[in-house]
Amino acid sequence: MGGAVGLVLAAVQIRDRSGEAATCISQNKICPGWILDNFGRYVDPLLEHVVLTVVAVTVGFAIAFGLGLLAYRRRWLIGPITGATGILYTLPSLAVFFLLLPITGRGFLTAVIALTAYTLQIIFRNVVAGLDNVPEEAKDSGRGMGLTDSQLLWQVELPLALPEIVAGVRIAATTTVGLATLAVYAGAGGLGSEIVAGSNITFRTGVVTAGGLAVLLALVFDVVLLLVQRALSPWKRVQTA
Amino acid sequence: MSAIALLGPFGDAIDFIIHPRDAVTGGVQVGGIGEVLAFTWAHVLLSGAAILVSCAIAVPIGLWLGHRGKGELLAVSISNIGRAVPSLALIAFFVAFIGVGFLNVTIALVLLGIPPILTNAYVGVRQVDREVVDAAEGMGLSTWQVIRTVELPLALPVIFGGIRTSAVNVVATATIAPLAGVLTLGDYILSANVYGDAGRIAGALLVALLAVIVELSFARFQRAVTPKALRKAQASGSG
Amino acid sequence: MIRSRSTKAAVAAFAVSLSVLAAGCGGTGATSTEASAPPSGQVIQSNADNAKVTLTIGSKNFTEEFILGEIYAQALEAAGYDVKTDLNLGSEQIALKSLEDGEISGYPEYTSTALTSFFDVDAADIPSDPNQAVDQASKDFADKGLVAFPPTDFTSANAVGMLKSKADELGVTKVSDLEGKSQDLTLYGSPECRQRVDCLLGLEDGYGLKFAKFVPVDIGLRYEVLDKGQADLSILFTTDAQLSQSDDYVTLEDDKAVFPPGNITFVASQDAVDEAGPDFEKTVELVQGGLTEEVMQELNARVDIDREKPADVAAEYLKEAGYTQ
């Protein structure tokens with residue numbers, strides 16, 4: 001293969017790294033310049049991360065909201081549902097990924113199921129608490145106006161409970177962003193792949209960028225939902241965590 | 001998948017916990033009760049050390065801020081930010097900057113554990129009836145005496161709620177401690193190439209079990225330090 | 001993460017076909033006169049028939065494997081296949097299982113790893129001729145319904161590494177020099193090292209060494225633990241960028257041949273090979289032709305030292321070596 005090998009070697013540039021001035025990257029410091037130049041490589045993982053979070057929180061909300069409405073009328077359900085969602089909340093996500101592995105395999109579905117399960121308790125709790133905290137006077141005047149139970153729920157109780165419900169979704173969203181970094185272990189990508197895959201864990205600038213993006217994403221969700229929460233309750237002071 | 005087929009991998013996992021077996025490529029023995037207990041102990045030790053230090057730092061600060069009524073923004077924001085920081089990024093950060101080892105991981109876990117405890121210590125003290133505090137101060141008690149004998153006991157249930165949340169988070173995060181060279185139950189999950197599928201599922205089961213035990217134990221502590229009257233009020237309100 | 005590359009593949013294939021047409025027949029660069037070796041530097045031709053076939057290319061969980069996985073994936077894309085990647089599967093046992101379960105179509109494996117880890121062959125019995133090694137592995141792979149493609153030229157092996165300063169201090173140049181000293185030293189290796197005969201087991205049985213402690217850490221940390229002074233010894237790879245680019249590290253000579261060198265052979269499922277047609281093996285064999293040890297070290301350096309993405313480095317390789325345009 002003699003001549004052909006020589007041709008190929010000449011074609012693949014062997015870079016000369018000896019004696020070059022120590023660059024920020026080769027010293028493994030935090031390099032803002034590098035981050036700006038290479039931001040593109042974080043776009044795909046970031047998008048995967050956003051999709052994972054949005055899907056998990058949306059599905060979690062749909063389920064927890066339904067359960068909340070169910071339990072609001074049949075009080076005896078609150079205990080069991082709180083217990084069941086509580087167990088799902090306590091189970092570490094990494095463990096859930098691998099418990100699901102024999103059933104749903106590697107990939108997006110496994111990650112989403114685990115992340116969704118984690119959101120249920122907090123949203124359910126806030127749906128029930130929000131409805132419970134609706135002032136009696138509001139309900140009385142509603143009944144006084146002749147509203148049926150169902151109309152009362154949808155036109156009076158839920159709107160008044162909405163701020164607290166959104167507060168629950170807010171907490172669920174920020175925690176889901178954090179957990180979704182583990183989705184890389186389920187084969188679902190996300191920002192975690194830029195934190196641990198290959199030699200990334202030794203790459204300081206990379207770890208800071210990917211981790212920082214995750215924190216920023218959580219804060220963005222937090223602020224957006226906070227604005228939604230405030231918009232839905234101009235009359236109420238925002239509850240602290 | 002049929003139910004019996006499902007039992008397969010989980011049944012094998014239970015067997016892994018009880019009986020040692022060859023590693024996936026042979027050569028060494030893995031699994032068995034002895035090894036499981038050793039990893040569980042390492043997991044508990046790591047988590048326990050972190051939680052103790054978190055409490056030692058977060059409780060006094062939270063009590064102090066709550067007593068003074070200052071730093072509400074800080075106390076609440078710390079919880080929000082703490083919730084937003086992914087545990088994986090935190091561990092990776094410490095590995096990238098400091099290296100592997102028990103001390104580094106413990107520090108990372110302490111940082112993870114502080115926010116819920118700090119916030120809850122703050123909130124717990126803030127919700128103590130001002131009249132009781134004023135009465136105590138009127139009796140001539142010093143600041144720390146007031147905090148220690150009046151505010152702390154009344155705030156204890158809320159504080160314990162924070163410790164409970166932290167404990168579960170720390171136990172869950174200790175699962176990825178093997179990334180930093182500290183072998184906990186997470187090694188079964190992260191090194192499935194050695195322990196096999198049965199080991200990985202066994203690890204997942206054990207970690208889940210440990211988390212549930214920690215949660216239930218702290219829930220019990222929390223109930224134990226809640227005065228009966230408060231317990232009744234809580235049962236009918238939010239949990 | 002399983003990623004589909006069909007759009008990128010379509011564009012690339014289109015561009016390649018256009019430029020091949022424009023350049024006329026035969027592609028750029030000299031063609032090899034030796035029939036045994038595939039012509040290197042030959043542009044990959046896109047074959048429209050391949051578009052119906054979906055291939056999922058996997059890889060193990062360290063830099064060299066990421067790069068190789070990306071090289072093969074992008075090359076197959078250029079050949080017209082619909083390619084997905086599922087890189088970072090884990091170590092060899094997990095990758096093999098993914099392949100057997102049909103989750104991936106193929107992945108790059110080392111002949112030495114396959115023989116010692118999958119097929120229980122002693123390190124001493126591994127043939128030094130790479131083609132013989134592949135033949136031996138092929139028979140066992142065939143029993144699993146798998147096919148091993150012809151091997152690369154370059155080899156990589158595990159090696160016991162340490163800081164040069166430490167090696168000078170202890171006065172060791174060969175692994176057997178560690179006798180009598182190893183019980184005071186800590187060894188760091190990958191998690192699977194503790195069960196492999198070409199790793200910890202080989203050191204314990206083959207060299208009779210006992211270490212103060214063996215700590216399993218992620219492969220990506222193998223130099224970090226030396227730098228931070230936490231490891232006295234660390235298991236390194238002979239094609240690592242850090243070894244060729246820096247004078248700080250040395251590897252001890254494997255005088256008892258416990259760490260057999262392995263060439264890369266792309267292992268695929270028989271089903272995937274049947275479905276994909278002859279271009280599958282042809283493209284793989286073509287594109288690995290340019291991978292010499294020096295080139296592989298250079299590519300590793302681009303990821304581990306220059307911190308480029310493995311996918312980008314693979315694309316650069318294919319372009320610079322003349323396989324894509």
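Leaving aside neighbours within four places in sequence, Thr85(A) is in contact with Leu120(A) and Gln121(A), where contact means heavy atoms within 4.5 Å. The model is predicted, so local features need pLDDT of at least 70 and side-chain atom pairs count only at pLDDT 80 or more, while totals for chains, interfaces and linings use all residues. Residues are numbered from 1 along each chain as its sequence is written, chains are lettered from A and ligands numbered from 1 in the order in which they are written, and side-chain values use heavy atoms, with hydrogens and water left out.

With a relative accessibility of 4%, Thr85(A) counts as buried; the term stands for under 20% relative accessible area, exposed for over 50% and partly exposed for values in between, with a 1.4 Å probe and protein chains only. Gly168(A) belongs to helix H8 (residues 149-180). Apart from residues up to four places away in sequence, Gly168(A) touches Ile122(A), Ile123(A) and Asn126(A). Phe124(A) is 44 residues from Gly168(A) in sequence, and the two C-alpha atoms are 8.2 Å apart in space.

What does chain A look like as a whole? Chain A has 10 helices and 0 strands, and from the N terminus on its elements run α-α-α-α-α-α-α-α-α-α. Its C-alpha trace spans about 95 × 40 × 25 Å along the principal axes. The radius of gyration of chain A is 25 Å, whereas a compact globule of 241 residues would have one near 18 Å; the radius is taken over C-alpha atoms, and the globule rule is 2.2 Å times the number of residues to the power 0.38. Of the 241 residues of chain A, 55% count as buried. Among its contacts between residues at least 6 apart in sequence, 77% join residues at least 24 apart. The accessible surface of chain A comes to about 10,400 Å², and 67% of that area belongs to carbon and sulfur atoms; areas come from the Shrake-Rupley method with a 1.4 Å probe, and for residues only the protein chains shown count as cover.

Chain B can be described in the same terms. Its secondary structure comes to 10 helices and 2 strands, in the order α-β-β-α-α-α-α-α-α-α-α-α along the sequence. The C-alpha atoms of chain B fill a box of roughly 75 × 45 × 30 Å, taken along the principal axes. Chain B has 239 residues, of which 51% count as buried. For contacts in chain B between residues at least 6 apart in sequence, the share that joins residues at least 24 apart is 72%. Chain B exposes about 10,300 Å², with 69% supplied by carbon and sulfur atoms.

Asn88(C) has a phi near 60°, a positive value in a residue other than glycine. This asparagine is found in the loop between strand E3 (82-86) and helix H3 (92-100) of chain C, and Asn88(C) is partly exposed, with a relative accessible area of 23%. For Ala257(C), phi is near 55°, again positive in a residue other than glycine. On a 1 Å grid over the protein atoms alone, a cavity is a set of points where a 1.4 Å probe fits but cannot get out, and lining residues have an atom within 4 Å of a point. Grid points are joined across faces, edges and corners, and a volume is the space filled by probe spheres set on the points. The largest cavity holds about 340 Å³ of space. It is lined by 28 residues, and the closest to its centre are Phe62(C), Asn158(C), Arg196(C), Ile219(C) and Phe237(C). Helix H4 (111-118), strand E8 (186-189) and strand E10 (233-237) of chain C each supply at least two residues of this lining, with the largest share, 3 residues, coming from E10(C). The lining of the largest cavity divides into 12 nonpolar, 9 polar and 7 charged residues; Ala, Val, Leu, Ile, Met, Phe, Trp, Tyr, Cys and Pro count as nonpolar, Asp, Glu, Lys and Arg as charged, and the others, Gly among them, as polar.

Key:
On a 1 Å grid over the protein atoms alone, a cavity is a set of points where a 1.4 Å probe fits but cannot get out, and a pocket is an open set with protein on both sides within 12 Å along at least five of seven lines; lining residues have an atom within 4 Å of a point. Helices (H or I, at least four residues) and strands (E, at least two) are DSSP runs, numbered from the N terminus.
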